[in-house]
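Me: Please examine the structure below with me. I shall ask on what grounds each term is applied.

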Amino acid sequence: MTTVPQGALQSLPALLARNVQSFPTRPAYREKEFGIWQSWTWAEAAEEIRAMALGFLVLGLERGEHVAIIGRNRPALYWAMIAVDMCGAVPVPLYQDAVADEMAYVLDHCGARFVVAGDQEQVDKVLEVQEKLAGSGTDVAHIAYLDKRGMRKYDHAKMNALADVQAEGRAAATRLGGELDARIAELTYDHTCVMLYTSGTTGKPKGVVLSNRNIIETSKNSAEFDHLRTSDDILAYLPMAWVGDFIFSMGQALWTGFTVNCPENAATMMTDLREIGPTYFFAPPRVFETQLTNVMIRMEDAGRFKKRMFDHYMGVARRIGPAILDGRPVSAMDRFRYWLGNVFVYGPLKNTLGFSRIRVGYTAGEAIGPEIFDFYRSLGINLKQLYGQTEASVFITQQPDGQVRSDTVGVPSPGVELKIGENGEVFYRSPGVFVEYFKNAESTASTKDKDGWVATGDAGFFEDGTGHLRIIDRAKDVGKMADGHLFAPKYIENKLKFYPNILEAVVFGAGRATCTAFINIDLTAVGNWAERNNIAYASYQELSQHPKVLETIAGHVEEVNRSVAADPMLAGCQIHRFLILHKELDADDGEMTRTRKVRRKVIEEKFADLIDALYGGKDSIYTETEVTYEDGRKGAIKATLTIRDAVVQPVGQRMAAE
Amino acid sequence: MNQMNTEGYTTADGRKIGGVLMEMKNITLRFGGVNAITNISFDIREGEIRAIIGPNGAGKSSMLNVISGFYVPQEGEVWFKGYKRGPMKPYEVARLGIARTFQNIALFDGMSVLDNIMTGRLTHMQTGLLAQSLWWGKAEKEETENRAKVEKIIDFLEIQAIRKTPVGRLPYGLKKRVELARALAAEPQLLLLDEPMAGMNVEEKEDMSRFILDVNDEFGTTIALIEHDMGVVMDLSDRVVVMDYGKKIGDGTPDEVRSNQAVIDAYLGVAHD
């Protein structure tokens with residue numbers, strides 16, 4: 001494939017140069033803009049990136065400095081990251097929906113002097129942060145923005161459009177070209193490739209320093225594991241600040257040379273997905289869940305004939321699909337039935353979902369409901385699970401083709417060693433293991449030991465026979481109840497969340513006699529149900545407290561109790577009382593991380609009155625909660641919440657029956 | 001002939017306002033025996049956002065229709081770009097560089113958002129019916145160019161996600177935005193907005209206000225608008241004309257108008273004693 005010796009490929013700019021040499025005219029980036037997929041070949045992209053890097057040199061970017069990059073997924077922002085690498089500096093992508101406070105912490109912590117911002121909204125935040133940080137030693141010297149809209153009236157003494165930065169770079173090509181080439185040439189495996197801030201379920205975010213070795217080795221191993229090709233297409237829509245996006249859209253894309261497609265904007269993502277039809281796709285379980293919910297809601301509205309055909313062939317698919325995908329023996333008759341189903345149902349359905357061409361699909365981050373997982377696999381979509389962390393450059397374990405199951409996270413990825421600690425915690429060691437936490441030697445030392453083993457913070461075990469890893473919960477969340485029973489909240493929460501009506505659940509019970517839960521209903525699913533049953537509601541809050549909704553949720557909770565009771569290890573975790581929260585848990589209020597994981601501590605403190613009520617035996621409670629709007633303003637929600645009791649199974653008695 | 005006033009003024013936020021774009025001189029409009037507008041004069045300057053306000057039945061919409069050329073006043077003169085304007089057909093008005101939106105949305109419900117906005121480009125298309133139906137030669141090139149312009153507007157108003165959606169399926173607030181898009185597609189010099197915020201919730205109003213300001217800033221379009229929401233009017237506009245019972249009772253910056261006793265009386269009523 002390539003004539004360049006592998007040893008020389010020690011940085012992303014080097015990979016870029018190889019791609020330009022090996023396949024200059026293949027599409028590298030596409031972005032839908034003005035209604036058309038604009039595309040850039042590797043040669044064109046490389047020219048843009050070089051101009052950008054020269055522009056940064058003109059602005060005085062020094063080796064080792066940090067450059068913050070904030071915005072939605074756009075080719076120019078990916079280019080900016082490579083350009084920053086070229087200059088020997090470190091790109092720091094930030095979450096674009098971060099509020100100014102969060103941004104202030106990160107900018108101050110990494111001491112970024114340069115910021116590349118996507119649009120006016122991001123520039124405004126940076127300016128706000130700039131005021132706050134004035135005098136603290138961190139001074140944003142220059143902002144380059146991508147979208148010129150609304151920017152004309154700003155004071156441009158310290159900012160410029162990215163295109164103009166490039167123009168200045170092009171003008172300085174002869175003057176600074178030598179300097180840039182020298183900086184690119186000095187990059188080795190040990191130079192920092194990127195710094196990513198972990199959202200952190202506890203405390204302040206930590207800056208994870210990942211070297212070229214981490215990123216390139218990991219990209220290489222994982223690309224080979226799934227046989228990725230130059231002709232593959234991915235859709236880049238997940239936050240650029242998330243390590244997964246960096247590996248998929250930067251590491252693997254540059255290593256393999258496949259095409260990165262950027263959607264027009266967040267609202268058109270589904271249309272763009274359908275138009276591109278990616279061959280390699282990653283999505284958190286939430287995306288698959290939403291899609292399935294939408295399909296099911298639309299099928300409810302379909303005519304009787306279509307509905308019956310759909311139900312029949314989905315039954316066929318559930319029976320035969322996974323076997324065909326795993327390469328197990330299937331009779332000729334069944335193959336024929338599946339083929340018919342493909343003509344009538346699966347093919348058109350996959351086309352509508354944008355999954356017609358998919359070869360490899362991954363989901364990770366949270367547990368995925370078995371029926372959701374099976375739905376996609378039965379359609380012939382090769383959906384797999386992986387388990388990973390920012391500190392590991394994503395990959396710790398992944399599922400090989402043919403050994404895919406919804407309840408495990410797979411076998412160790414190539415190059416990764418795993419061991420289980422005495423307390424059940426999972427440890428790993430791999431070429432992808434991060435260098436350090438930036439300016440935080442203490443945390444680095446407590447996470448990574450001197451032999452390079454990293455604690456995941458998750459409790460899990462290897463399954464006998466298959467060698468697959470199963471994750472139970474966060475190690476620190478696994479606790480004991482008052483009577484000594486094992487308490488694994490996440491395990492129960494996931495079971496609850498598998499119901500389409502339940503969006504989020506938070507279970508309490510560590511050190512207490514019984515378990516209780518907060519529940520968030522899914523507005524799409526429950527709202528649709530309400531519409532069907534002529535139930536009027538004005539707001540999320542009102543719908544959530546409707547007696548019939550409470551009744552339905554109580555049914556779900558009791559079903560979960562029955563299934564939990566069957567497991568002697570966790571039978572103590574049955575939910576005795578629950579309430580439906582009056583607001584959706586939200587990252588803007590600090591209740592969840594930006595990757596939508598619940599922050600238990602924050603929730604426990606914020607809703608302490610509700611927890612007291614759950615354990616205090618009251619039937620209802622009045623509460624006021626502060627909320628943050630998208631523009632950063634604060635308001636309050638007042639509500640009276642109903643508390644319900646749920647039927648629990650006597651521990652140990654049903655075991656014989658199950 | 002040319003009476004264009006070249007001197008302008010500078011607004012509080014530092015925008016340069018140019019000379020007179022349109023001037024209304026002693027306009028009187030009658031419907032039978034009813035005087036809808038009585039002897040009103042004011043001007044609209046290049047680059048400004050000019051509001052016309054007044055209580056119900058004050059004659060605002062009639063005034064807008066006089067500006068757009070839909071009504072021809074019995075008395076008075078309308079001067080546009082330094083020329084006195086006679087009776088005109090709607091397409092002639094559009095070619096002059098005036099576009100408008102309507103109080104009760106007037107879009108083609110069965111057509112997609114894109115097609116609706118494309119109709120705004122009609123005055124800029126030259127090729128004939130035959131060439132267009134055969135999609136041949138110049139027609140193809142012309143359509144491509146116009147589509148590119150329309151896409152710029154779609155991007156500007158952030159309606160990419162509904163590009164292919166039939167207008168009839170859209171919620172009210174979005175329809176208003178599509179109507180604005182269609183008016184912008186004509187690349188007007190003077191944009192007339194008839195109650196752009198009517199019936200909108202706070203969030204939609206904020207969005208619309210931002211788009212109006214952005215249009216004015218980005219394309220330099222002169223905007224004349226009628227609006228009931230006083231907060232919006234006072235925030236958006238550079239100068240305000242106040243009408244009551246077909247007469248002009250105030251004219252000036254929002255601050256001047258706000259402290260004008262006649263205006264206060266018209267809005268709050270006067271005690272009868």
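This is a predicted model: local features need pLDDT of at least 70, side-chain atom pairs count only at pLDDT 80 or more; totals for chains, interfaces and linings use all residues.

Me: What makes residues of chain A and chain B count as being in contact, and how many residues of chain A are in contact with chain B?
Reply: Two residues are in contact if their C-beta atoms, placed from the backbone, lie within 7 Å. On the side of chain A there are 8 such residues, in contact with 10 residues of chain B.

Me: Why are S2 and S10 of chain A called edge strands?
Reply: Strands here are DSSP runs of E with at least two residues, and helices are runs of H or I with at least four, numbered from the N terminus. Two strands pair if DSSP finds at least two bridges between them. The open sheet has the order S2-S1-S11-S10 in chain A, with mixed pairing. S2 (36-41) and S10 (233-235) of chain A each pair on one side only. Between S1 (residues 27-33) and S2 of chain A there are 6 antiparallel bridges; in S2(A), Ser39(A) is the bridge partner of Arg30(A).

Me: How do you know that the buried residues of H5(A) line one face of the helix?
Reply: A residue is buried if 20 or more other C-beta atoms lie within 10 Å of its own, exposed if 12 or fewer, and partly exposed in between, with C-beta atoms placed from the backbone. In H5(A) the buried residues are Gln122(A), Val123(A), Lys125(A), Val126(A) and Val129(A). Seen down the axis of H5(A), they fall within an arc of 160° (taken from the directions from the helix axis to the C-beta atoms), so they line one face.

Me: What makes S5 of chain B mostly covered?
Reply: In S5 (residues 49-53) of chain B, 5 of its 5 residues are buried. Ile49(B), Ala51(B) and Ile53(B) point one way, and Arg50(B) and Ile52(B) the other way. S5(B) pairs in the parallel sense with S10 (residues 222-226) of chain B over 4 bridges.

Notes: Residues are numbered from 1 along each chain as its sequence is written. Chains are lettered from A and ligands numbered from 1 in the order in which they are written.
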